[in-house]
Amino acid sequence: MKKHDLEYLKLTPELQLLFELSAGKQIELYPQRLDWELFAKQVQKNRVESLIAPALKNLPIRDLKQKAAYGQIYAAANQHVLFGMKQCRVLALIAADFERNGIRMICLKGPVLAVELYGNPAMRYSRDLDLLVSKEDLSTACMRLLEMGFQEEHKAAEKTRKRRAAHKNEEMHAVFLREDICVELHWRISLRWEADFGELWERRRKQILLGYQIYCLSEMDELSYLICHGAAHGYIRLRWLFDLYILLSKPDINYVALYRNMEAKRTQVLLMETLLLLWRCPCFKMPAIQNDLFIISQGESRVHVQYSKKIHMSYKKAVKMLHMIWPYMLLETDEWGIAGKRYRSMLPGTGQRHGNLGFLISLIEPTAADFERFDFPDRLFFLYYVVCPVFKLRRE
């Protein structure tokens, strides 16, 4: 096996406290040079108000800025509780309606995952409900949502033939809105790997929510899905990482089986990236891993890694991808700019452009956000390739 020692990732004072609270650590001293206003922004950006609000109540308040930050977090956490209850009711009603109409539905993330990980749907805020159905059931599922009072949201990227063609490979869900409840109805589980819905359905697990049956992914499928989802977004929401911290801290994880499962999906690099990210965060006390493929343990000042030659390429790429995204995880905004496009060009995926060519094309190719900003008809579609790169460079 090859050996490689990695330094622990350096956290800002605000993220250090955020990680420690999320990991359930008892706080004795606040990190030095902590900016409470910036801390509140990081909590909001990562959508973890309801997760850390209970822990904040045990900490002493020393100045008005800290008090203001706490008040902002408590207010958002209370809103998340009410919103989570409403989401649970709507999800249960949709599940019951779909079942009556013979529609097979799998819930992705959302309240079901919150109950599984935290025992409370309000502890994990989700902006929308992600529901997976088969392509065969898609039209019926859309019709049922419309019958329940939802309105389909038609995005600017779907407005014309050329726009739809430009984003054909990225189509995976339709969006439905009813008041403040948003439902994303998926017919593909991920842009990173394809899966037969029938096989996912055969392996499904049953959960009970408000007395209704809700189906979710099997444990292995769920781990693969959550890793691919979080890593594909560069863990720009640390909430996704905290979910995996709980799941991957369990002592009975079969990492060889998980690696082989994701290798079959050609997403094993995202697993290695996620493992390195978790083990290199000093606030997380992760258990040592030892198997025939890799050994990872946390030392006094470094993380010690040994890995088989069989996974050399995946490991090296994972290290590179983590170094690329880490600086942007520290920011209090969602803006990635060109670095984000470079990262996405390295992601695995079916029907996606990869490598240097994919990155260069992405610099001039219009995105869904560009279609929202500039409304050119198909006969002037070429203008996107002129206007959008200039706009992006000015914004950078």
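Helices are DSSP runs of H or I with at least four residues, numbered from the N terminus. In the predicted model described here, helix H5 is followed by glycine 119, whose phi is positive, near 75°. Helix H5 spans residues 110-118, and seven of its nine residues are buried, so the helix is largely enclosed by the rest of the structure. The buried residues of H5 are Gly110, Pro111, Val112, Leu113, Ala114, Leu117 and Tyr118.

The chain as a whole contains 17 helices and eleven strands. It has 396 residues, of which 53% count as buried. Its accessible surface amounts to about 19,400 Å², and carbon and sulfur atoms contribute 51% of that area.

Most residues other than glycine have a negative phi. Glutamate 179 has a phi near 55°, which is a positive value in a residue that is not glycine. This glutamate is placed in the loop between strand S5 (173-178) and strand S6 (181-186). Its relative accessibility is 71%, and because exposed means over 50%, glutamate 179 counts as exposed. Arginine 266, likewise not a glycine, has a positive phi of about 65°. The loop that holds arginine 266 lies between helix H11 (255-264) and helix H12. With a relative accessible area of 70%, arginine 266 is exposed.

Helix H12, which covers residues 268-279, packs against helix H9, which covers residues 219-232. The angle between the two helices is about 75°, and their axes are 9 Å apart. An angle of 65 to 115 degrees counts as roughly perpendicular, and H9 and H12 are therefore roughly perpendicular to each other. On the H9 side, the contact is made by Ile227, Cys228 and Ala231. On the H12 side, the contact is made by Leu270, Leu271, Glu273 and Thr274.

Tryptophan 279 and serine 297 are 18 residues apart in sequence, while their C-alpha atoms are 7.5 Å apart in space. Serine 297 belongs to strand S10, which comprises residues 294-298. The relative accessible area of serine 297 is 22%, so this residue is partly exposed. When neighbours within four places in sequence are left aside, serine 297 is in contact with Ala288, Arg302, Val303 and His304.

Glutamate 20 is located in helix H1, formed by residues 13-22. This glutamate has a relative accessible area of 6% and is buried, because the term applies to values under 20%. Not counting residues up to four places away in sequence, glutamate 20 touches Lys25, Ile27 and Cys283.

A nonpolar patch on the surface is formed by Val81, Leu82 and Met85. Together these residues have about 280 Å² of accessible area. Valine 81 lies in helix H4, which runs over residues 64-100. Its relative accessible area is 34%, so valine 81 is partly exposed.

Terms used:
Residues are numbered from 1 along each chain as its sequence is written. This is a predicted model: local features need pLDDT of at least 70, side-chain atom pairs count only at pLDDT 80 or more; totals for chains, interfaces and linings use all residues. Side-chain values use heavy atoms; hydrogens and water are left out. Patches are made of residues with over 30% relative accessible area and no salt bridge: like charges are joined within 9 Å, nonpolar side chains (Val, Leu, Ile, Met, Phe, Trp, Tyr) within 5 Å. Accessible areas come from the Shrake-Rupley method with a 1.4 Å probe; for residues, only the protein chains shown count as cover. A salt bridge is a side-chain nitrogen of Lys or Arg within 4 Å of a carboxyl oxygen of Asp or Glu. Buried means under 20% relative accessible area, exposed over 50%, partly exposed in between (1.4 Å probe, protein chains only). Axes are lines fitted to C-alpha atoms, for helices over the stretch in contact, and angles run from 0 to 180 degrees between N-to-C directions. Angles under 35 degrees count as roughly parallel, over 145 as roughly antiparallel, 65 to 115 as roughly perpendicular and the rest as oblique. Contact means heavy atoms within 4.5 Å.
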